[in-house]
Amino acid sequence: MIDKKEIIPEDILDSIFRRIDEVERDLHSYITILKEEAYDQAKIIRGRLEKGEDLPLGGIPIAIKDIICTKGVETTCASKILKGFYPPYDATVVNRVKKAGAIIIGKTNLDEFAMGSSTENSAFGPTRNPWCLERVPGGSSGGSAAAVAAGETILSLGSDTGGSVRQPASFCGIVGLKPTYGLVSRYGLIAYASSLDQIGPMTKDVKDCALLLQVIAGKDDMDSTSLNVSLPNYLDACEAGDLRGIKLGIPKEYISEALDPSVAKVVEEAKRAFERLGAKICEISLPHTEYALPTYYIIAPAEASSNLARYDGVQYGLRIKGESLREMYLETRTNGFGDEVKRRIMIGTYVLSAGYYDAFYLKALKVRRLVKMDFDEAFKVVDYILTPTSPTPAFRIGEKVEDPLLMYLSDIFTVPVNLAGIPAISINGGFSQEGLPIGIQIMGRALDEFGLLKVASAFERETELHAYRPYGR
């Protein structure tokens with residue numbers, strides 16, 4: 001409609017900010033809302049469009065998870081320790097969406113430093129699920145997911161270390177893509193676990209996801225882990241009509257009696273939908289699946305304990321004075337970090353300490369290799385792997401706060417993907433009896449995002465489940 005000059009970017013912003021005024025008080029999707037700045041950007045974008053510039057995201061509002069650096073805009077990681085931190089530069093993904101004409105409308109809420117599965121661990125208070133305000137939106141990109149689902153933005157960016165894009169996408173009934181490690185630059189993403197972190201798009205449908213991925217993917221000289229590969233036109237993937245000739249595997253380890261019955265039912269219905277589209281379904285095995293979660297919770301905290309050592313009151317954000325340098329460090333970190341962050345720093349420090357490194361961290365790295373080999377073997381037999389995204393629909397706020405191990409199980413189906421570095425997408429697969437969305441996850445070979453989008457798009461057209469929205473919008 002913008003291309004046809006039926007509306008201008010300011011019209012879209014009017015609609016989005018009206019929506020934010022209506023629902024944000026209930027949801028708390030955002031930590032920072034950039035209303036004035038957004039209208040300033042809209043004027044500039046309108047001028048560029050009038051000059052005939054080709055802007056793939058021209059005038060489209062986008063929300064950025066508050067763990068991704070935005071020049072001159074407070075970036076907190078939902079932590080008191082970074083309150084007042086204004087980065088002097090933009091992350092590469094932020095640069096790219098700006099160049100493509102997107103308008104940044106705010107920074108979204110998350111679990112502190114992306115550590116959590118519910119967005120309850122934010123120093124600024126929890127985000128609520130737009131489908132049911134008594135339930136969590138998932139985490140850690142819960143703010144980004146809730147904002148898209150509730151119509152508070154059109155596009156958003158999240159980060160996925162162990163499922164933090166896909167699990168909240170599942171709980172909120174939207175699309176969330178975790179790209180291949182290295183396909184999207186991590187420059188400007190504040191590190192949690194560097195070998196696992198990946199920025200990913202969160203959108204209402206697969207076509208928007210393809211469009212946003214096209215803009216943010218690609219080589220970046222500022223990130224040494226960035227891959228130098230040629231990119232296909234991801235939008236072409238959304239034109240596929242059927243899936244004849246494609247083989248989908250369902251790992252037997254992912255389907256057990258522990259699975260919530262409503263999730264098992266949705267996976268079964270999804271399986272039938274894929275068969276109608278011409279795909280062949282078969283059972284496969286990923287034998288080291290049971291070790292993936294404990295492996296993740298050794299490697300991720302180990303890397304986090306190292307990455308978060310820099311927040312000592314000297315360079316960034318919060319500083320609490322003490323009578324000595326040691327006391328200043330102690331007071332700043334004690335008061336600046338929340339309980340979950342402290343828990344993971346202590347776990348990480350322990351598994352990296354002398355005498356325990358070989359027993360825990362080194363062994364975890366070896367198991368990580370076995371998890372990846374499972375996927376390598378599976379992809380010799382099938383083209384894609386179909387699983388639930390999460391073992392349950394969205395759970396109630398506070399339900400798992402007192403039991404961290406139970407909370408960690410929310411990511412049991414997503415963490416193997418990060419350990420292996422492969423891509424995966426979560427799309428809405430159906431609803432529970434209570435009307436809560438339930439996501440299905442499709443995993444693919446490294447750098448086969450085109451294929452994932454093709455399969456997901458075909459499913460979307462077959463079922464039309466992506467059209468359902470909370471609050472009737």
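Trainee: In which loop does Ser140 lie?
Mentor: This is a predicted model, in which local features need pLDDT of at least 70, side-chain atom pairs count only at pLDDT 80 or more, and totals for chains, interfaces and linings use all residues. Residues are numbered from 1 along each chain as its sequence is written, and side-chain values use heavy atoms, with hydrogens and water left out. Helices (H or I, at least four residues) and strands (E, at least two) are DSSP runs numbered from the N terminus. On that numbering, the loop that holds Ser140 is the one between S3 and H4.

Trainee: Is the peptide bond from Gly139 to Ser140 cis or trans?
Mentor: Omega is the angle to look at, and for the bond from Gly139 to Ser140 omega is near 5 degrees. The bond is cis.

Trainee: Is Ala114 buried or exposed?
Mentor: Ala114 is found in the loop between S3 and H4, and its phi is near 65 degrees, a positive value in a residue other than glycine. Buried means under 20% relative accessible area, exposed over 50% and partly exposed in between, with a 1.4 Å probe and protein chains only. At 3% relative accessibility, Ala114 therefore counts as buried.

Trainee: What is the relative accessible area of Ala78?
Mentor: Ala78 sits in the loop between S2 and helix H3 (92–99). Its phi, near 55 degrees, is a positive value in a residue other than glycine. Ala78 is buried, and its relative accessible area is 0%.

Trainee: How many disulfides are found in the whole structure?
Mentor: A disulfide is a pair of cysteine sulfur atoms within 2.5 Å. The sulfur of Cys77 is 7.5 Å from the closest cysteine sulfur, in Cys69, which is too far for a bond. Cys209 is in no disulfide, as the nearest cysteine sulfur, that of Cys238, is 8.2 Å away. The search of the whole structure gives a count of zero.

Trainee: What separates the C-alpha atoms of Gly188 and Cys69?
Mentor: Gly188 is in the loop between S5 and S6. Leaving aside neighbours within four places in sequence, its contacts (heavy atoms within 4.5 Å) are Ile67, Ile68, Cys69, Tyr89 and Ala91. Gly188 and Cys69 are 119 residues apart along the chain, and their C-alpha atoms are separated by 5.2 Å.

Trainee: Which strands stand at the edges of the sheet of eleven strands?
Mentor: The sheet is open, with mixed pairing and the order S1-S3-S2-S4-S6-S5-S10-S11-S9-S7-S8. Two strands pair if DSSP finds at least two bridges between them. An edge strand has a single partner strand, so one of its sides is left without a neighbour in the sheet; the two edge strands are S1 (30–33) and S8 (280–284).

Trainee: In S11, which residue is the bridge partner of Gly430?
Mentor: Strands S10 (residues 424–431) and S11 (residues 437–443) pair in the antiparallel sense over seven bridges. The partner of Gly430 in S11 is Ile438.

Trainee: Are H10 and H11 roughly parallel or roughly perpendicular to each other?
Mentor: Axes are lines fitted to C-alpha atoms, for helices over the stretch in contact, and angles run from 0 to 180 degrees between N-to-C directions. Helices H10 (residues 339–352) and H11 (residues 357–378) pack at about 105 degrees, with their axes 7 Å apart. Angles under 35 degrees count as roughly parallel, over 145 as roughly antiparallel, 65 to 115 as roughly perpendicular and the rest as oblique. H10 and H11 are therefore roughly perpendicular.
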